[in-house]
Amino acid sequence: MAEQDKVILHGMWASPYAKRVELALNFKGIPYEYVEEDLRNKSDLLLKYNPVHKKVPVLVHNGKAIAESMVILEYIDETWKDGPKLLPSDSYKRAQARFWCHFIQDQLMESTFLVVKTDGEAQQKAIDHVYEKLKVLEDGMKTYLGEGNAIISGVENNFGILDIVFCALYGAYKAHEEVIGLKFIVPEKFPVLFSWLMAIAEVEAVKIATPPHEKTVGILQLFRLSALKSSSAAE
């Protein structure tokens, strides 16, 4: 690969934000170099490339850095026009995909993290919020994705930005269940979301980017214990 076309992703393997970019690059078949960042001891390069937020992911292309996962996904789609598209070609579908991506980002990310980081009353409050918002997403996806076989064929033929954002958050559902003893995507409550998640799990780009179950359980347990320890120390 020519130096000017070099693609480097600075990420952290367990970050759902970095996972979005990894999934997009895998799906589009874009060769890239991966740099694992230690978020407790951030590299000088990461701080140089993302001086505003000092976070992963950062995509470096032609020596130029792009930060923020959703911005990076659109950059990838606009820059590598060959092969499958991440955003629908139809402008209305494209607007809907962006709307639901932002819904997951704004309404579900933080509260899902809170369920993992808390216990007792605070955790129950976060769980209630997550289920309430998942119900809204379930109803929205009935319209956007359809139901039954339509979901499976939709993912197979039109895997894209919304699948990536949903998968990056809930793809590790088995690890979530093991660590907190709770299902987020309950099949009985959210049949469309559950079918969608199962269909996404069969996509080759997703399989490639899925870390070992035990490794994910380990980092989630560490994250939870650290958060609970900080919370009790603050009381």
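Among contacts in the protein chain between residues at least 6 apart in sequence, what percentage join residues at least 24 apart? In this predicted model, the share of such contacts that join residues at least 24 apart in sequence is 72%.

The secondary structure of the protein chain consists of 11 helices and 4 strands. With a radius of gyration of 18 Å, close to the 18 Å that the globule rule gives for 235 residues, the chain is therefore as compact as a globular protein of that length. Its C-alpha trace spans about 55 × 45 × 30 Å along the principal axes, and 44% of the 235 residues count as buried.

An unreviewed UniProt entry lists residues 90-228 as "domain: GST C-terminal". In the model this span is 81% helix and 0% strand, and its end C-alpha atoms lie 46 Å apart.

Helix α3, which covers residues 69-79, has as its buried residues S69, M70, I72, L73, E74, I76 and D77. These buried residues of α3 pack against both helices and strands, as set out below.

| Element packed against by the buried residues of α3 | Residues |
|---|---|
| α1 | 16-28 |
| β3 | 58-61 |
| β4 | 64-67 |
| α4 | 91-117 |
| α7 | 161-170 |

Methods:
Residues numbered from 1 in each chain as written. Predicted model: local features only at pLDDT ≥ 70, side-chain atom pairs only at ≥ 80, totals over all residues. Heavy atoms only, no water. Helix = DSSP H or I, 4+ residues; strand = E, 2+ residues; numbered from the N terminus. Rg over C-alpha atoms; globule rule 2.2 N^0.38 Å. Buried < 20%, exposed > 50% of the residue type's maximum accessible area, 1.4 Å probe, protein only. Contact = heavy atoms within 4.5 Å. UniProt positions renumbered as here; feature names shortened; annotations may be inferred.
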